[in-house]
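This report describes the fold, the model confidence and the charged side-chain pairs of one protein. Please read it alongside the sequence and the coordinates displayed below.

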Amino acid sequence: EVLTMGKIEDAIKKINVEIQKEPNEEVLAKIGEYIIDQITTEEVAEKILAEDKSLKKIYGEIKEEAYKKALKERNGRNCVGIGCDGEDTINRVLKYFGLTANPQAPAEEAKKGVCVSLEDFL
């Protein structure tokens, strides 16, 4: 008999496949890895597996917003993401997938490497 993967494995695989399709997008990979850390229950997995949701889609929206914000500001500041500390970017991703941050995931992990700077998008 064939063992079917559970929803959690399916959701992790979905995000991993998206990361692998964009090998040069380091920020996308970091956001994807953060999402994978959140997939700890079938309920979360179902939200990730929703057909209208994709890592690429939310990443595209974040890039577009960052670019628009950068054009508006253009004041030589180095860090022009949705928020300079990366916090807003992660919150935006969680909100997009309808998730809340996993309290079991170490807080400093979430912030590590998710500061989105304008250079990431150009």
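Does Glu-64 count as buried, partly exposed or exposed, and at what relative accessibility? With a relative accessibility of 47%, Glu-64 counts as partly exposed, because the value falls between the cut-offs of 20% and 50%. The model discussed here is predicted.

**Overall architecture**

The protein contains six helices and zero strands, and its elements follow the order α-α-α-α-α-α from the N terminus. Of its 122 residues, 38% are buried. The accessible surface amounts to about 7600 Å², and carbon and sulfur atoms account for 51% of that area. When contacts between residues at least 6 apart in sequence are considered, 75% of them join residues at least 24 apart.

**Confidence**

The mean pLDDT of the protein is 79, and 67% of the residues score at least 70. Helix α1 (residues 7-21) has the highest confidence, at a mean of 97, whereas helix α6 (residues 107-111) has the lowest, at 45. Over residues 107-113 the pLDDT stays under 50, and the model has four contacts beyond four places in sequence for them. Where pLDDT is low, the predicted coordinates should not be read in detail.

In helix α3 (residues 42-49), the residues Val-44, Ala-45 and Ile-48 are buried. They cover an arc of only 100° around the axis and therefore lie on the same side of α3.

**Salt bridges**

The count of salt bridges comes to seven.

| Pair | N to O distance |
|---|---|
| Lys-63 and Glu-25 | 3.6 Å |
| Glu-26 and Lys-30 | 3.3 Å |
| Glu-64 and Lys-68 | 3.3 Å |

The pair of Lys-63 and Glu-25 links distant parts of the chain, 38 residues apart. Lys-63 is partly exposed, at a relative accessible area of 26%.

Glu-26 and Lys-30 both belong to helix α2 and are four residues apart, about one turn of the helix. Glu-26 is exposed at 56% relative accessibility, while Lys-30 is partly exposed at 31%.

Glu-64 and Lys-68 have the corresponding spacing of four residues within α4, and Lys-68 is partly exposed at 49%.

Technical notes:
Residues are numbered from 1 along each chain as its sequence is written. This is a predicted model: local features need pLDDT of at least 70, side-chain atom pairs count only at pLDDT 80 or more; totals for chains, interfaces and linings use all residues. Side-chain values use heavy atoms; hydrogens and water are left out. Helices (H or I, at least four residues) and strands (E, at least two) are DSSP runs, numbered from the N terminus. Buried means under 20% relative accessible area, exposed over 50%, partly exposed in between (1.4 Å probe, protein chains only). Contact means heavy atoms within 4.5 Å. Accessible areas come from the Shrake-Rupley method with a 1.4 Å probe; for residues, only the protein chains shown count as cover. The arc is that of the directions from the helix axis to the C-beta atoms. pLDDT is the predictor's confidence in each residue, from 0 to 100. A salt bridge is a side-chain nitrogen of Lys or Arg within 4 Å of a carboxyl oxygen of Asp or Glu.
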